[in-house]
Amino acid sequence: MKVSVTTLAILVCAIVLISGVSAQDVNKSAGYSVSPAGNLHLPAVMSPMTAGSISQGETDWYSVSVPSGKSSITADLNWGYVPDSLSLSVIAPDGTLGPYYDSSDGVTNGRIFLTFSRTGGIAPGTWRFKVYGVTVLGIQGYNFVTY
């Protein structure tokens with residue numbers, strides 16, 4: 001099958017545009033805006049970073065207590081090995097967000113780095129985070145932190 005250079009260029013542009021658009025998703029059910037954290041500056045206070053490991057089909061859970069008046073929360077799941085695939089689901093006190101995958105933040109780099117925000121503030125209470133080993137060859141180490 002022959003593919004012209006123009007066709008290939010259009011296909012590459014479409015893939016880049018689609019991943020960029022899908023990275024700025026809005027969860028209608030709970031009214032949360034989900035966006036790539038990008039070059040977010042780290043705050044002075046954040047939860048302790050957790051180092052974990054996971055295999056295919058395994059689930060790890062984390063939780064953080066969110067006080068009232070907070071406008072956003074950022075989750076950073078970083079395993080750094082693109083061939084392995086992990087997912088992140090967020091269970092807020094008022095709804096479930098996700099699952100999110102490596103490309104959900106607009107970049108495929110072995111990291112899911114997203115900020116969850118909502119006009120009027122995010123729900124206070126316990127936020128739970130589900131890390132799932134979608135496709136993992138052996139055991140994959142990762143770091144997880146929220147702030």
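**View 1. Five aromatic pairs are counted in this predicted model.** Rings of Phe, Tyr and Trp (its six-membered ring) pair if their centres lie within 6.5 Å, with planes under 30 degrees apart counted as stacked, over 60 as edge-to-face and the rest as tilted. The planes of Tyr 32 and Trp 127 meet at 85 degrees with ring centres 5.6 Å apart, so this pair is edge-to-face. The two residues are 95 apart in the chain, Tyr 32 in strand β2 (residues 32-36) and Trp 127 in strand β9 (residues 125-135); strands are DSSP runs of E, at least two residues, numbered from the N terminus. Both Tyr 32 and Trp 127 are buried (under 20% relative accessible area, 1.4 Å probe, protein chains only). One aromatic cluster consists of Tyr 62, Phe 129, Tyr 142 and Phe 144.

**View 2. Arginines sit over the rings of Tyr 32 and Trp 61.** The criterion is CZ of Arg within 6 Å of the ring centre and within 35 degrees of the ring normal. The charged end of Arg 118 is 4.4 Å from the ring centre of Tyr 32. For Arg 128 over the face of Trp 61, the distance to the ring centre is 4.3 Å.

**View 3. Gln 140 lies in strand β10 (residues 139-146).** Gln 140 counts as buried because its relative accessibility is 9%. Its side chain reaches the backbone oxygen of Trp 79 at 3.3 Å. Leaving out residues up to four places away in sequence, Gln 140 touches Gly 52, Ser 53, Ile 54, Trp 79, Tyr 81 and Asp 84 (heavy atoms within 4.5 Å).

Residues are numbered from 1 along each chain as its sequence is written, and side-chain values use heavy atoms, without hydrogens and water. The model is predicted: local features need pLDDT of at least 70 and side-chain atom pairs count only at pLDDT 80 or more, while totals for chains, interfaces and linings use all residues.

Note on methods. Helices (H or I, at least four residues) and strands (E, at least two) are DSSP runs, numbered from the N terminus. Buried means under 20% relative accessible area, exposed over 50%, partly exposed in between (1.4 Å probe, protein chains only). A polar contact is a pair of N or O atoms within 3.5 Å; within protein, one must be able to donate a hydrogen and the other to accept it, and residues adjacent in sequence count only if both atoms are side-chain atoms.
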